[in-house]
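Please work through the exercises below with the sequence and the structure at hand. Each task is followed by a solution in steps.

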Amino acid sequence: MTTILRTPRSWPAILLPRGVDDPLDLDDPAAIGAFDGLRRALHDLGPAGTIATVAASGLRGRGGAGFPTAEKWRSAAGTQAATAADAGAAIRRYVVANGYGADPSSQTDRTLLERNPYAVLSGAVIAAVAIGAGEAIVAVRAEASDAIRTLETAITRMVAANLAGDDILGSGRSVELSIRAVQGAYMLGEETVLLKALEGRRGQPEQRPPHPATRGLFGQPTVVQNVQTLAAVPWIIANGAESFAAIGSKASPGTILVAVRAPSGAGIAEVPVGTPLREIIGIVGKTATDGLKAVLVGGPAGGILPADLADTAYEFDALRAVGAHVGSGSVVAADQRACVVDLARLLTRFCADEACGKTIPCRIGLRRVSEIGDRIATGLPKPTDLGLLADLSSDIVGSALCDHERLATLPFTSGMRYFQAELDEHILRSSCPAGVCRPIAVPAGGTH
């Protein structure tokens, strides 16, 4: 069972409400709040008013990219034909709730589905109503058996209570909710790859544009949203856009789930967007930031930041500015016992192993970056390795087809940016300051 970390009472609990004993209880205040938002969207706001409210709230996608949610909804709602050849044909729109949780070290999405399923499902129904979709699909990792059972029960109860299915709450609008268990690699976190998996096709990314909002599942307009994004929607509709916009940072309002790991402990916390990294790490315990050396932010393809950047706001734009990103919602604190070179090479090897192989720069380039990391860590670098590492990373990012390629070089590029001295120790002195790599010593007068 994933540990839910205690946060200050002054922090709002939107995604993981406090004091919920039975997440499937339809009479629980948390569930009632989710359905209050659904009722208001159906009977008071309507599609246009719902989208306008979400826009006014400033909600941005929680899947890592931080794209404005309302813009995606407007695009899907306004698309009348997937292609010119389809002009005049009936449009069938979809909502896909991405709960796959591709990062093996982060259980944020799975935890949300297990502990607050009605918020996710209500948010999916609201999104479907807003864009004119008749079907909302929740995509879940096949091995997340507890989450799947919870969702199945929640959907059954919602349909029985007329909160989903046909003629929802007498509004004349119908939305079919379903669960799709998908199985695959890390790449399924990317939206076009996930859509291919739902279609039963090979999971590889597609060139964008067209974006899924205009041409997605089965060639139809599709809104793909992370489950955290959808779970925030009922709260926004029920409590008002201004209330949500007042939480977190001005550029990225609201709360977000973070998987925090430090030498002193680990767990999941709901934090206001914009909370400093140091404060997030401190949730684990008062000693979590003692001896802090580095912070890995964003998962396997995340950036490795030094301790003096631990006061950086956990917010989309602020993290990008320092060479990291929200990504999978993972924040890992490392002390002086960690070796940045070893950490970067392990993360790069994971990214290379998980690459789908569609493009040559990613398929071959990431493997070469991983090999360079292995050489540096074992004390056998070539004189040109750092230059080659920088050039390869630039080429991979410049020719990237998807975010996996764009971000997979971050562990090493951020490492070179902030921990050059540690790289030099490995390369010039065949020494690992942390005593982790145990590089091979090169005899005097020997060659690399």
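This is a predicted model: local features need pLDDT of at least 70, side-chain atom pairs count only at pLDDT 80 or more; totals for chains, interfaces and linings use all residues.

**Exercise 1. The open sheet**

Task: Determine the strand order of the open sheet of 5 strands, and identify which strands stand at the edges.

Solution: 
1. Reading across the sheet gives the order β6-β5-β9-β7-β8. The pairing is mixed, and the sheet is open.
2. The edge positions belong to β6 (265–272) and β8 (303–306). Each has a single partner strand, so one side of each is left without a neighbour in the sheet.
3. From one strand to the next, the twist averages 25 degrees.

**Exercise 2. The largest pocket**

Task: Describe the volume, the lining and the residue classes of the largest pocket.

Solution: 
1. The volume of the largest pocket is about 1300 Å³.
2. Its lining consists of 49 residues, and those nearest the centre are Gly63, Gly64, Ala65, Gly189 and Asp403.
3. Two or more lining residues come from each of the helices α2 (69–78), α3 (108–115), α7 (227–239) and α14 (403–408), and likewise from the strands β4 (222–226) and β5.
4. By class, the lining holds 23 polar, 15 nonpolar and 11 charged residues.

**Exercise 3. The second largest pocket**

Solution: 
1. The lining divides into 10 nonpolar, 6 charged and 2 polar residues.

**Exercise 4. Positive phi angles**

Task: Locate Asp167 and Leu169 in the chain, give the phi angle of Asp167 and of Leu169, and decide whether Asp167 is buried, partly exposed or exposed.

Solution: 
1. Asp167 lies in the loop between α5 (145–160) and β3 (176–182). Leu169 is found in the loop between α5 and β3 as well.
2. Asp167 is not a glycine, yet its phi is positive, at about 45 degrees.
3. For Leu169, also not a glycine, phi is positive at about 50 degrees.
4. The relative accessible area of Asp167 is 35%. Buried requires under 20% and exposed over 50%, so Asp167 is partly exposed.

Note on methods. Residues are numbered from 1 along each chain as its sequence is written. Side-chain values use heavy atoms; hydrogens and water are left out. Two strands pair if DSSP finds at least two bridges between them. Helices (H or I, at least four residues) and strands (E, at least two) are DSSP runs, numbered from the N terminus. Axes are lines fitted to C-alpha atoms, for helices over the stretch in contact, and angles run from 0 to 180 degrees between N-to-C directions. On a 1 Å grid over the protein atoms alone, a cavity is a set of points where a 1.4 Å probe fits but cannot get out, and a pocket is an open set with protein on both sides within 12 Å along at least five of seven lines; lining residues have an atom within 4 Å of a point. Grid points are joined across faces, edges and corners, and a volume is the space filled by probe spheres set on the points. Ala, Val, Leu, Ile, Met, Phe, Trp, Tyr, Cys and Pro count as nonpolar, Asp, Glu, Lys and Arg as charged, and the others, Gly among them, as polar. Buried means under 20% relative accessible area, exposed over 50%, partly exposed in between (1.4 Å probe, protein chains only).
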